[in-house]
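Dear colleague,

I am handing over the structure we spoke about, and my notes on it follow below. Please read them with the model open beside you.

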Amino acid sequence: MDEVLHRLKQGIRRFQTEIYPARAEQYERVMNEPQRPHTLIITCADSRLQPDILTQADPGEIFVSRNIGNMVPTYGETSGGVDAVLEYAVAALGVQHIAICGHTNCGAMKALLEPGSAEAMPSVSAWLGHAQAALAAAHALASPEDNLLRVITEQNVLLQMSHLRTYPVVADALAKGKVHLSGWVYDISAGQVSLCYDGSTAFHGV
Ligand SMILES: [Zn+2]
């Protein structure tokens with residue numbers, strides 16, 4: 001058996017002996033009723049980001065969609081499946097909140113700042129196109145003393161929040177007050193999260 005699979009199996013066994021027993025009743029209860037997550041979190045695929053742990057969410061509380069750079073292609077574009085997740089979360093599950101969660105030291109944001117760095121990965125390169133407007137905004141807004149990576153990370157979260165509003169299902173739910181949006185930047189090494197909501201473009205600590 002390869003070493004990595006061995007490591008994964010060890011993890012599953014530890015879950016079964018240390019984590020599952022204490023929560024068995026909870027897992028059984030949530031699986032015996034339809035899921036009713038209150039929130040859809042769209043975040044980066046980065047392996048260092050753990051949305052369940054960050055939000056201390058119990059099983060059934062958050063519906064999660066992950067992709068490189070926490071992107072939401074605008075409605076009608078090749079979406080990488082984000083459109084189906086959005087529709088299902090809003091129309092079928094009735095989530096009350098959608099959060100776009102970016103993070104510090106994001107490889108996707110770094111790649112945007114270094115044009116050509118993803119050239120050998122055509123699919124990644126094409127996907128990064130969904131954040132090109134954030135790159136333009138970051139260059140326009142950042143002053144010399146600003147951390148450009150931080151600025152583009154925030155601008156990308158704001159851009160993807162605006163892309164969310166291009167989906168009819170989201171626009172309808174927003175207009176009816178059934179759903180609210182927020183943007184997050186998670187500083188993984190510091191354990192800090194800055195939030196932006198209610199139409200503001202400024203990020204503030206929790
Ligand atoms: Zn990332």
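I begin with Ser 182, which counts as buried because its relative accessibility is 4%, under the 20% that sets the limit for that class. Please keep in mind throughout that this is a predicted model.

Ser 182 lies in strand β4, which runs over residues 180–187. The side chain of Ser 182 takes part in a polar contact of 2.7 Å with the side chain of His 97, and a polar contact of 2.8 Å joins it to the side chain of Trp 184.

Turning to charged pairs, the count comes to 4 salt bridges, and I describe some of them here. Among them is the pair of Arg 23 and Asp 58, whose closest N and O atoms are 2.6 Å apart. This pair links distant parts of the chain, since Arg 23 belongs to helix α1 while Asp 58 sits in the loop between α2 (51–55) and β2 (62–67), 35 residues apart. Both partners are partly exposed, Arg 23 with a relative accessible area of 26% and Asp 58 with one of 33%.

Asp 46 and Arg 48 also meet through their side chains in a salt bridge, at 2.7 Å from N to O. Here Asp 46 counts as buried, at 13% relative accessibility, whereas Arg 48 is partly exposed, with a relative accessible area of 45%.

A further salt bridge is formed by Arg 150 and Glu 154, with 3.0 Å between the closest N and O atoms. These residues are 4 apart in helix α7 (residues 148–164), which means that about one helical turn separates them. Arg 150 is partly exposed, its relative accessible area being 27%.

Finally, which residues make the nonpolar surface patch of about 420 Å²? They are Met 1, Val 4, Leu 5 and Leu 8. Of these, Leu 5 has its place in helix α1, which covers residues 3–31, and Leu 5 is partly exposed, with a relative accessible area of 39%. Because patches are made of residues with over 30% relative accessible area, Leu 5 at 39% can belong to one while still being classed as partly exposed.

Key. Residues numbered from 1 in each chain as written. Predicted model: local features only at pLDDT ≥ 70, side-chain atom pairs only at ≥ 80, totals over all residues. Heavy atoms only, no water. Patch = residues over 30% accessible without salt bridge, like charges linked within 9 Å, V, L, I, M, F, W, Y side chains within 5 Å. Areas by Shrake-Rupley, 256 points an atom, 1.4 Å probe, with all protein chains shown as cover. Helix = DSSP H or I, 4+ residues; strand = E, 2+ residues; numbered from the N terminus. Buried < 20%, exposed > 50% of the residue type's maximum accessible area, 1.4 Å probe, protein only. Polar contact = N/O pair within 3.5 Å; in protein donor to acceptor, adjacent residues only side chain to side chain.
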